[in-house]
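Have the picture open as you read.

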Amino acid sequence: MGPRGSALICGYTNYHSLLESSLADLKKKEDCLLCPTGFAANMAVMVAIGNVGSLLAAGEKPLEDEKIAIFSDALNHASIIDGIRLAERQQNVNVFVYRHCDMSHLNALLSSCMAKKKVVVTDSLFSMDGDFAPMTELVKLRKIHRFLLVIDDAHGTFVCGKNGGGVAEKYNCERDIDICIGTLSKAAGCHGGFIACSKRWKQLIQSRGRSFIFSTTTPVPIAAAAHAAVVVAQKEKWRRRAIWNRVQDFQALTGIPITSPIISLVVGSEEKALKASRHLLKSGFHVTAIRPPTVPPNSCRLRVTLCATHTRGDVKKLTTALSQCINIQDIGIQTPNGYAKL
């Protein structure tokens, strides 16, 4: 399987370099850094950002306005939250959580913050609700407040945009994203995480991102397979068209106004979610019941993920099976209170 050490010691090969270059090109960034997982990638970025404050203070405790201010969407992925928690322990950052996709709230927090350096971090496509971050509005706020914009594009990479560049490509704002984090375990069908960014940010994360530094590198066959997936994703555009056709099919058959291939059907109690999941499995569909601690109590849900290999017939059979175990017309698709708190 290849090298048995970290990337900085003996684990970096031409295969890893080729994959990094292809991902940097895909994301329209100068460079890219591979990480063992998407979780590790988010941890490395947040910890590196936390280190900026101490570096600027030359080892002294930074003053309040010298600390890095991090603004995080309330429904960000657990890996972002845990990375921010670690950054907080360095006492070099102040953290502000804004209401989910609420740009008015974010703008108010940014306007009242006196920190010289600000960072906004958000999922681009939220994994448990299937909704997009308001990228256009975020870019407008970035121009006003001059913050570093970091997105986790785990669910958008290869799926969104003409070339599979992700949510930033979909909203034509690739150049406005400073750091783009992603995973190779979703649409790529492989394993690992990556950070697409500038060369200077890559150097900083390489030297300060502990989850990258002290982890074994991606096995060579996985790196080679992931590079092949990048090539396939860019050349075989029919795959993306197929996914979005299935999204339209599901919406037409159910009347639920979904906006992405991630369909979150909130049913309420754990008992209801588990019962519906068991019924669907017997009907030939593996739809997992999502329960606490991933989501809050009484907002348990069925999480459907559509892919290019599904047919319209598959979607039709799925909606029929769903109608037998839940009342589709009464289903909610948004979470009222979020999943985790900083």
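A salt bridge here means a side-chain nitrogen of Lys or Arg within 4 Å of a carboxyl oxygen of Asp or Glu. By this rule there are 13 salt bridges. The model is predicted, so local features need pLDDT of at least 70, side-chain atom pairs count only at pLDDT 80 or more, and totals for chains, interfaces and linings use all residues. Residues are numbered from 1 along each chain as its sequence is written, and side-chain values use heavy atoms, leaving out hydrogens and water.

Q: Why is the contact between Asp82 and Arg85 called a salt bridge?
A: Their closest N and O atoms are 3.2 Å apart, and the rule asks for within 4 Å, so the pair qualifies.

Q: Where do Asp82 and Arg85 lie?
A: Both are in helix H3 (residues 78-89), three residues apart, about one turn of the helix. Helices (H or I, at least four residues) and strands (E, at least two) are DSSP runs, numbered from the N terminus.

Q: What makes Asp249 count as buried or exposed?
A: Buried means under 20% relative accessible area, exposed over 50%, and partly exposed in between (1.4 Å probe, protein chains only). Asp249 has 10% relative accessibility, so Asp249 counts as buried.

Q: How do you know that Arg312 is partly exposed?
A: Its relative accessibility is 44%, and partly exposed covers the range between the buried and exposed limits.

Q: What distance separates the closest N and O atoms of Asp249 and Arg312?
A: They are 2.7 Å apart, and the two residues form a salt bridge. This pair links distant parts of the chain, with Asp249 in helix H10 (residues 238-254) and Arg312 in helix H12 (residues 312-325), 63 residues apart.
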